[in-house]
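Look at the chain shown below before reading on.

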Amino acid sequence: MSDLQMGLIALGVLFILLVLGFNWWQDRRVRRKMQAQFPGSEQDPLLGAGDMRAGAAPVGPSRREPGIGHSNAAVSAEAPSHEADDPQEPDPACEVVIEVRFSEPVRGADLAPYLQGLRSVGRKPLRLFAQTDGHRHRARVHLQEAYVSLQLAVLLANRSGALTAIEWSQAWARAQDLADRFDGNIESPDQQAALEQAARLDDTCAALDTQVGLTLVMQAPLPASDVLSAALAQGFSIDGPRLAWLADTGVTRFTLSRADGAPLEAGGAPADRLYLLLDVPCTPADTRAFGRMVDVGRDLAERLGADLVDDQGKPLGQGADAVIDERLQVLFQQLEQAGLPAGGERALRVFS
C-alpha cells in the first residue's frame, strides 16, 4: 500500500472522528438547552406541599380541566395500600408513551426529586406510571419501593390542539434526563408517527367538539351572595369558580357561571348575567341532556327573576329543547363510535 493511500485512509478516519465528535457536542448542547426549561426547586411540591392543579385554558366564560377520578400527584410518600397492580394504565388511544428502563432498580426516594412538576409538557398533561422490581404496575411512584422502569404518558391532543414537536421534545428531554441520571435507556415510538397520530386525534375531536349555552338575563343586577344561595338551594354544587349540576355518578352534566368570567362566589360584584353551559363531549350521554339544562335554567330564572334566552338573545321557542336533544343523540353516537364515549375518562382528557 502506497504512502498516498495510507495518508488518505488516515485523513478519512480523522474526518469520521471529527464528525462523530461534533455530533456528540451538538447533542449535549441541545440537551442542556432542553433541560434548562425545567428548573428545579428546593422543595418538591409533590411531597407534602399540596396538589395545586392548574386550570385548563378557558372555553367560554370559564373552564377548569375536568377531574378523572384519581390524584394527579406523580409521587406518594405513603406506602401502596395493596400488592396488586394499580388499575390506571396509559391509554394508547389518546396518549403516547416514552419509557425509561433502568439497568438496576432505583428507589422511589431517589427518583422523587427529579419527578417534581412532572405533570405536563407545554399544554399537554403528562401521567407517570412505573414498574416495581417485583413486577407490580404503579400509577404513582412510592418512596418505599424500587422501580425498574418509568413510563411518561403524554396526551396526544386536547383543546389546545395536537401534540407539537416542541412538546414532544420537552417530554423526551425529561425522559433523557432520567435515563442519564439513573443509567437507563429510552424506548418510544418514532416522533413523526406520534405527531401524525396526534394530528388524526385532533381532527376527530375538532369534528365532534360541541358546546351548547343558555343565558340568564337579570332584570336588575343581583348580589352575588343571593345568586349563589339560590343556585345552591336548587341543587348546584360548587366547582371552583363556577357551579356544576352533577349526574348520579358525580360527573358534571352542565355548569353555571357568571357571563363576565368572574368567580361565582359570595362577596363578589353584583351579577347581571349568568351562563349555563352544556359541554357535550364531557357530559354523560342523556336523551334529555339539553332539555334537563333548560328545565333547571327555567326554575333558576324564576327564582332570580331573570329571563332565560338562547345564544342569540331570544327566548327559547316551544319544543326547541326536544329538537336540540334529538340532534345531540347523533353526536353522542358519533362520540361513542370514535372511541370517545361522552363523559368518559378519555373524553374528559382530550376535551379539556
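## Helix 6

The expected span of a helix is 1.5 Å times one less than its number of residues. Helix 6 covers residues 289-304 and has 16 residues, so its span should be 22 Å. The C-alpha atoms at its ends lie 23 Å apart, which agrees.

Which residues of helix 6 are buried? The list is Ala289, Phe290, Gly291, Met293, Val294, Val296, Gly297, Leu300, Ala301 and Leu304. An α-helix has 3.6 residues a turn, so residues three or four places apart point the same way. Just after helix 6 comes glycine 305, with a positive phi of about 65 degrees.

Aspartate 286 sits in the loop that runs between strand 15 (271-279) and helix 6. Is aspartate 286 buried or exposed? Buried means under 20% relative accessible area. Aspartate 286 has a relative accessibility of 10%, and therefore counts as buried.

Which residues does aspartate 286 touch, leaving aside those up to four places away in sequence? They are Arg253, Arg292, Gln329 and Phe332.

## The cavity

How many cavities of 30 Å³ or more are there? The count is one. The largest cavity has a volume of about 30 Å³.

Its lining consists of Arg258, Ala259, Asp260, Pro270, Ala271, Asp272 and Arg273. Strand 15 gives the most to this lining, namely three residues.

## The chain as a whole

The chain contains eight helices and 16 strands. It has 352 residues, and 42% of them are buried.

## Confidence in the model

The average pLDDT of the chain is 84, and 79% of the residues score at least 70. Where is pLDDT under 50? It stays under 50 over residues 26-71. For this stretch the model has 78 contacts beyond four places in sequence. Where pLDDT is low, the predicted coordinates should not be read in detail.

Note on methods:
Residues numbered from 1 in each chain as written. Predicted model: local features only at pLDDT ≥ 70, side-chain atom pairs only at ≥ 80, totals over all residues. Heavy atoms only, no water. pLDDT = per-residue confidence, 0-100. Contact = heavy atoms within 4.5 Å. Helix = DSSP H or I, 4+ residues; strand = E, 2+ residues; numbered from the N terminus. Buried < 20%, exposed > 50% of the residue type's maximum accessible area, 1.4 Å probe, protein only. 1 Å grid on protein atoms, 1.4 Å probe; cavity = no way out; pocket = protein on both sides within 12 Å on 5 of 7 lines; lining within 4 Å. Points joined across faces, edges and corners; volume = space filled by probe spheres on them.
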